[in-house]
Amino acid sequence: MTNSWTDIKNTDLVVVMGGNAAEAHPCGFKWVTEAKAQRGAKLIVVDPRFTRTASVSDYYAPIRPGSDIVFLMALINWMIQNDKVQWEYVKNFTNAAFIVKDEFGWSDGLFSGYDPEKRDYDKSSWDYVIGDDGFAQVDMTLQNPRCVWNLLKEHVSRYTPELVAEVCGTPQDRFLKIAEMIGECSAVDKNMTSMYALGWTQHSKGAQNIRGMAMLQLILGNIGVRGGGMNALRGHSNIQGLTDIGLMSNLIPGYLNIPTEKEKDWTTYMSSRSFKPLRPGQTSYWQNYPKFMVSFMKAMWGDAARADNDWAFEYLPKLDVPTYDILRMFDLMNEGKITNYFCQGFNPLLSFPNRAKLTAALSKLKLLVVMDPLATETAHFWENHGEYNDVDTASIQTEVIELPTTSFAEDDGSLVNSGRWIQWHWAAATPPGQAQRDTWIMSQIFLRVKKLYQDEGGVFPDPILNLTWDYEDENEPSAEELAKELNGKALGDVYDPKDATKLLAAQGKQLLNFSQLRDDGSTMSACWIYGGCWNEDGNNMARRDNADPDDTGAFLNWSFAWPLNRRILYNRASADMQGKPWDPSRKLIEWNGEKWTGYDVPDIAPTAKPDEVGPFIMNPEGASRLFTRGMMRDGPFPTHMEPFESPIANVFNPEMRGNPVARVFAKDADQFATSDEFPFVATSYRLTEHFHYWTKHNRINAALQPEFFVEISEELAAEKGITRGSTVRVWSKRGSVTAKALVSKRLRPLQCGDKLVHVIGIPLHWGFMGAARKGFGPNSLTPFVGDANVETPEFKAFLVNIEPATGEAVS
Amino acid sequence: MNIDLSRRGFLKLAGAGVAATSLGAMGFGEAEAAEQAHVRAFKLASTTEVRNTCTYCSVACGILIYSKGDVAAGEKAEVVHIEGDADHPTNRGTLCPKGAALKDTVLSETRLTVPRIRRPGSDRFEETSWEEALDKIARALKDDRDANMVQTNDAGVPVNRWTSTGFLAASATTNETAWLTYKVVRSMGIVGFDNQARV
C-alpha cells in the first residue's frame, strides 16, 4: 500500500477492482464503511461476480476475467477526452512532458522491437531523448507530439466505451457512469483510492493491470494524498515482510538485486546502478545503492566482506536466468533436476497451478522437507485419498520429513501489514509437543551443514563458514538480536559527512536509520528500508501509542512504518508547486518557507525546495512514470492482452495468444486449451469464512463452509441441466474436479460483442487434510503460466467445461 | 489513552466495582463487605494477557491472547481465549469470522507435534527424533551441494549457484525468522528461493 488501512477513512471514492475486500479483508474494509458513513464516500466495484463487496457498493459493473486493461485504458481515454485531468500534477509530478525516441511505436497489439522467436522485446526504443547536457529532454507545454502525454493520448484513443462493451462485456452505460464518478476525483479536493488484490495480480499480465490503475491515479492527482493511493491489500500476515526481506530468487533485502552472471564483479554490478538523475536537481535516492549493498554484505559476512575482496561479491550466487521462481523450480523438478526441496509454512500442492504436474514433480524429488504448524497436503502428497489424491503410494520414492513448528501464538517478532506498519508481537503459549520455532530449526540445519564442511571440506565452503553467526545462543538466535540486525549498527565510528568532527553513531551502537549507512564497511544493516525499526531508542515496532492528532489516520507513534516511519508514500505530492496542500482540509505536509512540516514524515529531504525537487525521489526523473521506459518486459504502456486461455481472440491481433512475452515451458503450451473444447471461463476466489488452506483445520470455520462448491449462473445451469446443490464435474485440459453446484444470481453471462460468455467461480479452500470435508481447489484446473514480469500464476482467467455428475443434491 | 492499564487489570477493577456499587445502592451496606469477598473474579483475570497479531491476512488486526500460565515467566502456558485488541487503531477490537475462531487453529487436532519421516515407497509417516531428522537433512544438503554446485559458467566467470535444491519460505513467519532463513539459504548459494508473494 502507498497509504494505510486507517487512511481509507479520508477518501471520497473507493474503487475495488481486482479484489473483494469485504470478504477477504473484513476488518480493513470497515474503513471503507467509515468513509461512506462519515464523509459520504462512494464505493464502486468492478468484478466478474457480484461479490459481498459489490453488495454494499454504490455502483457495480461486471467485467470479463482478464480484460481489465481495456477497462482501465478506456477510463484514461475518457479522462483525457473530458478534461478530467489534474493538470498541474500531471505536468510537474509525472513524466508527461518527457520526449520519447522517434523509433518507439505500437501496432497490431505489439510495441516496437518485438521478436517472435525470442518471445521478447528489444526495448532500446522505449526510452527518452537524452540531450547534450545528459538530461532527458522535456516540453513543459506538452505540445511536442513525441512527449509522453501525446503518446499516451494516442495509445489510449483505441480504448472506447464501445470496445469496453465488446471486450469486457461491461454495458456501455455502466462504464460511462463509473467514468463520470471517477472523473470527479480529478478535482484537487476529491480523492479516490484503489483497493486491489489477487484479482489483478494473478494474470499473465498482472503487473500491467496494476500499472493501468496507477497511471489513472496519477492523472487524477491521487497519489501521495490522504484518502488516495494504490493499495495492494496483500494476502498473508507477513507476505509484505517476506518480500521486503527479499526471500525471492532474484532479491536481496530492501529491493536490491541478486547479480546476474553478466555482472562478473562488483564494479560491473554497480555500473548499471548509478541512478544518475535524469533531470537537474533531482534526488534519485537509489544513488545510495552502494551504501545499502555494502551494509548488507557486512550483515551477511562481517569481516570476510572487505573492500579489497569486492565485499565478498563472489559469495553471492549469480543468476543465468531472470529467476528460479516456483514455476521454473517445479518444471525443473518435473524434469528430475531437483534433489531436495523445502517448504517452510507453504503448501504448494494446493497453491501452484496444474496439480497433476505438481504431484508428478514432487514424486521425482529425493527429499522433501516440510516445516509447518499444520499437516499439509504437500507433506502428504504421496498418501492416497481416493479421488481427492489418487496417487500410487508405493511407486513414490520421495523421502518426506515433516517438522512441527510453532504458530504465531508461540513466537515473538514482527510482521508487516499491507500499509508497511512493522508490528511486534509476543509469544503467549508453550509450543505443542516437540514443535520448535523456525529460527531454531534453521539454526540447527545451518550449524550441522557448517560442521560437515569444517570436518570434511567440500565445494566452496567459504560463504557458509564465514556467515556472521555471533548470537548469544548459537542454537537459537533471539528475535531481538535478529531485529537489531535488520535495523543495522555502526561497525566503526560513523561521522557526519558534512562535519567530520560530529560523531553520529559510535562503534557498536544501533544506527538511527538508513541515512547513517556507509559504503566503506563501517556500517551493517540486513534490510536498509527497515532502518529505524530498532535504534538506540529501542524497539520502535513495539510502540503502542494510538494517539492520532487531528484524526488524520496517521498514528505515527503506533509501531513503525518503513521507510522512516512514513505513513503515506510520495506525500510531497499532496502539496502544489509552492508547497501548499492541494486540499487544505486534508493537509499532509506543507512547506513553511524553510522546511516541510505536517502530520507525516515528509517523503522528501526536509529542506528540499518545492519548486526545485520533484516528489518521486526514488526515480531519477524526480517524477512518476506514465511511460515506464524499458522497465517492464511487456511494454511501457499497458496494452490489451487476452488470457492464455480465452474464448475471444485479441481484438488488436487475433494471432496473439496471451501475453506475447510471458515465459511458457514447452510441455505446458501443449496443455493450453481453446474455447472449442472448453467453452467456459473460470476464475478463482476466496470466501470470508476461510483463509486459504489453513482454516479447514479449524472446526469452526470448517463448519461454517464445510464443502467445496463451484458457482454458476442460472442461465448456465439451465443450459446444462444443472440443479442447485447437485453434483457437477468441472474439467480443464489439465484436470478434473467434482463439486456441489451453487446456482446464483451473483454471476451473469456477459455479452461480449456477438459472443455470450459464461463465467464459473471456483473457491479455493479445500483439500484432503484437516477438519472440513475433502474437496478440490482451482489449481487442479489452472494453466502453468505466470505474469511476464513477476511469474505470478494465471489463476484468475482460464477455460473449463462443466456437466452434471452423479451425486446427491443437498437442496 | 492510558496504555498501562491492562485489560486484565481493568476487568478486576470493573468486577469489584460493579458488585460494590449495585449492592450499596440497594441499601445492603452491611452485606457489602461480606458479599464482595464472595464475588467471583472474571475468568480472564486469572489468565496471562499477551498482545499479538492475527496470523491470517495483512490487515494485521491486533489481538489479545489469554493463556493459563505465563510464557514470559518461563511457565507452561496454554491458550484459553483470543479476542480483538480494542486499543488497536486498525481493527479497534473487531475480528472477522476467521480471526474470531483463531483459538481453534492454534489448538487444531491437525497441529504437528513430533518430527516424522515417510520412507521411500512407504504408506505412512513414522515418528523420528529431531536429531535424526536434522542430521539427515544436513547430510542431504551437503551431498547435493557438493555434487551440483555450479562454481563457474562456460565463460569461466564465478557464479556459485546451487540450482538442484530449492527452498520455499513462509508467508506468516516473522521478519526475524525471514532474515535468519535468508542468511542460511543464501549463504549456501541456493537460487530456487521464493515465498508466497510469488502467488
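The exercises below walk through a predicted model of two chains, A and B.

Residues are numbered from 1 along each chain as its sequence is written, and chains are lettered from A in the order in which they are written. Because the model is predicted, local features need pLDDT of at least 70 and side-chain atom pairs count only at pLDDT 80 or more, while totals for chains, interfaces and linings use all residues.

**Exercise 1. Domains of chain A**

Task: State which domains chain A is divided into, and describe the side of domain 1 that touches domain 2.

Solution: 
- Step 1. Chain A has domain 1 (6-232) and domain 2 (666-804); such bounds come from an automatic or database domain assignment.
- Step 2. The C-alpha centres of these two domains of chain A lie 28 Å apart.
- Step 3. Domain 1 of chain A puts 23 residues into the contact and domain 2 of chain A puts in 28 residues. Two residues are in contact if their C-beta atoms, placed from the backbone, lie within 7 Å.
- Step 4. On the domain 1 side, helices H1 (21-24), H7 (161-168), H9 (198-201) and H10 (206-219) of chain A each supply at least two residues. Helices (H or I, at least four residues) and strands (E, at least two) are DSSP runs, numbered from the N terminus.
- Step 5. By class, this side of domain 1 of chain A holds 8 nonpolar, 9 polar and 6 charged residues. Ala, Val, Leu, Ile, Met, Phe, Trp, Tyr, Cys and Pro count as nonpolar, Asp, Glu, Lys and Arg as charged, and the others, Gly among them, as polar.

**Exercise 2. Helix H7 of chain A**

Task: Find which residues of H7(A) are buried and what they pack against.

Solution: 
- Step 1. A residue is buried if 20 or more other C-beta atoms lie within 10 Å of its own, exposed if 12 or fewer, and partly exposed in between, with C-beta atoms placed from the backbone.
- Step 2. By that rule 6 of the 8 residues of H7(A) are buried, and the helix is mostly covered.
- Step 3. They are A:Leu163, A:Val164, A:Ala165, A:Glu166, A:Val167 and A:Cys168.
- Step 4. These buried residues pack against helix H4 (68-81), helix H8 (172-183) and strand S30 (750-752) of chain A.
- Step 5. Just after H7(A) comes A:Gly169, with a positive phi of about 75°.

**Exercise 3. The nonpolar cores**

Task: Name the residues that touch the most other members of the largest nonpolar core.

Solution: 
- Step 1. A nonpolar core is a set of buried Ala, Val, Leu, Ile, Met, Phe, Trp, Tyr and Cys residues joined through C-beta atoms within 7 Å.
- Step 2. The largest has 265 residues, and A:Val70, A:Ala74, A:Leu75 and A:Val148 touch the most other members.
- Step 3. H4(A) gives this core its largest share, 10 residues.
- Step 4. Leaving out residues up to four places away in sequence, A:Ala74 touches A:Tyr159, A:Thr160, A:Pro161, A:Leu163, A:Val164 and A:Phe175.
- Step 5. Another core, of 33 residues, lies apart from it and includes A:Ala682, A:Phe708, A:Phe709 and A:Ala739.

**Exercise 4. Where the chains meet**

Task: Describe the contact between chain A and chain B.

Solution: 
- Step 1. In this contact, 105 residues of chain B meet 135 residues of chain A.
- Step 2. Helix H4 (residues 130-148) of chain B gives the most to the chain B side, with 13 residues.
- Step 3. That side of chain B has 52 nonpolar, 31 polar and 22 charged residues.
- Step 4. Strand S12 (residues 340-344) of chain A runs parallel to strand S7 (residues 158-169) of chain B, joined by 4 bridges; here A:Asn340 stands opposite B:Thr165.

How values were computed:
Pairing = 2+ DSSP bridges.
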